[in-house]
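Welcome! Please take a first look at the sequence and the model, and then read on for a short tour.

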Amino acid sequence: MALANVNQEKSYLNRPKALGITVRRLQFNPQKIKRHYFANSPLMSHLLTALSSTFPIGEQYFVNSVRNVRDKVKDPQLQAQIAAFIGQEAMHSKAHTEFNDAWRRDDYNLDRFQAWLAKRDDALRDIHPKLQLALTCAFEHFTAMLGRYILRHPEILSTLDDDAMKLWVWHAIEEIEHRSVAFDVYQEVYGDDRIRRLLMRSVTTGFASLVFYGTTRLIWQDKWKSLPKVGGNLFGTYLLVKMLIQLIPEYLSYYQADFHPAKHDYTKLVNYWKARMADEYGMISFQEETASKIYS
Ligand SMILES: [Fe+2]
Ligand SMILES: [Fe+2]
């Protein structure tokens, strides 16, 4: 019995650790985030809140789609990456649930939108596991792409108040860190490039209509405060159009035969923001990480 325990412990110690993916706890106060927290633009703020309200259900779906086929993955390193991916997405779901709950104190009604989403989620859980994973790969391309975009544009982030900044930067960093996991699992288990690219088309139209539907619902619910802010909305429209145009090449790269999410290295960008989150925003999880690197 004792020998079995020792062997178990040894095999645990020999198990590879995830590379470049760290599961962090987020400390933030969503109650402090003001209603039009993004560039004082109701449009952009509601767009981000609409996105946020899809995350608890969406990210759980991504996790399940990887779990469905996890036992088919033979590579122990990839197994470690999967465990870290699941840990990060679970934390994101939790943080965005807290963020979404903070809006319920106001006159927003996110519940009906989430009930609508849950119905779609149920339907999408019945499709073939290969298609579920291909959907996740496409969504993960979007989340990593949007994450990179906001980290590359500190002038946009500087308009956010501190607690909103913590949430979105933390999430962006982790989406970049785990951007390859679902893709690598898909490649190892299925490797069907035609389906991967095909599903990106459906995800693009689905994701765009989902965000559009969610955003217009929120703007409508908040119309008396949203619509009079003409300047903020015009600025928000400008930011949105600029972002969509600038993201086109990165979006299209997904359709290339030699596409891989880790083709480009974003270590510098991520490290810059990790240091800022630790030093300027006093985020304990990033401070601990920096300290553990110094003393290791
Ligand atoms: Fe996430
Ligand atoms: Fe993700």
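The report below goes from the whole chain to a few of its residues.

**How to read the values**

This is a predicted model, in which local features need pLDDT of at least 70 and side-chain atom pairs count only at pLDDT 80 or more, while totals for chains, interfaces and linings use all residues. Residues are numbered from 1 along each chain as its sequence is written, chains are lettered from A and ligands numbered from 1 in the order in which they are written, and side-chain values use heavy atoms, with hydrogens and water left out.

**The whole chain**

Let us begin with the fold. The chain has 13 helices and zero strands, where helices (H or I, at least four residues) and strands (E, at least two) are DSSP runs numbered from the N terminus. Read from the N terminus on, the elements run α-α-α-α-α-α-α-α-α-α-α-α-α. The radius of gyration is 20 Å, close to the 19 Å that the globule rule gives for 296 residues, so the chain is as compact as a globular protein of that length. Here the radius is taken over C-alpha atoms, and the rule is 2.2 Å times the number of residues to the power 0.38. Along its principal axes, the C-alpha trace spans about 70 × 45 × 35 Å.

How much of the chain is buried? Buried residues make up 52% of the 296 residues; buried means under 20% relative accessible area, exposed over 50% and partly exposed in between (1.4 Å probe, protein chains only). Among contacts (heavy atoms within 4.5 Å) between residues at least 6 apart in sequence, 85% join residues at least 24 apart. The chain exposes about 14800 Å², and carbon and sulfur atoms supply 60% of that area, as found by the Shrake-Rupley method with a 1.4 Å probe.

**Aromatic rings**

Now for the rings. A pair of aromatic rings is described by the distance of the centres and the angle of the planes. Rings of Phe, Tyr and Trp (its six-membered ring) pair if their centres lie within 6.5 Å; planes under 30 degrees apart count as stacked, over 60 as edge-to-face and the rest as tilted. By this rule there are 17 aromatic pairs. In one of them, phenylalanine 183 and phenylalanine 259 have ring centres 5.5 Å apart and planes at 80 degrees, so the pair is edge-to-face. Phenylalanine 183 lies in helix α8 (residues 181-189) and phenylalanine 259 in the loop between α11 (230-252) and α12 (267-279), so the pair ties together parts that are 76 residues apart in sequence. Tyrosine 251 and tyrosine 255 also form an edge-to-face pair, with 5.6 Å from centre to centre and 75 degrees between the planes.

| Residue | Relative accessible area | Class |
|---|---|---|
| Phenylalanine 183 | 5% | buried |
| Phenylalanine 259 | 9% | buried |
| Tyrosine 251 | 16% | buried |
| Tyrosine 255 | 18% | buried |

Ring pairs link a cluster whose members include Phe62, Phe139, Phe183, Tyr251, Tyr255 and Phe259.

**A loop and a proline**

Alanine 39 sits in the loop between α1 (2-14) and α2 (42-67). Although alanine 39 is not a glycine, its phi is positive, at about 50 degrees. Asparagine 40 lies in the loop between α1 and α2 and has a positive phi near 50 degrees. Is each residue buried or partly exposed? Alanine 39 is buried at 12% relative accessible area, whereas asparagine 40 is partly exposed at 43%.

Proline 76 belongs to helix α3 (residues 76-103) and is partly exposed, with 48% relative accessibility.
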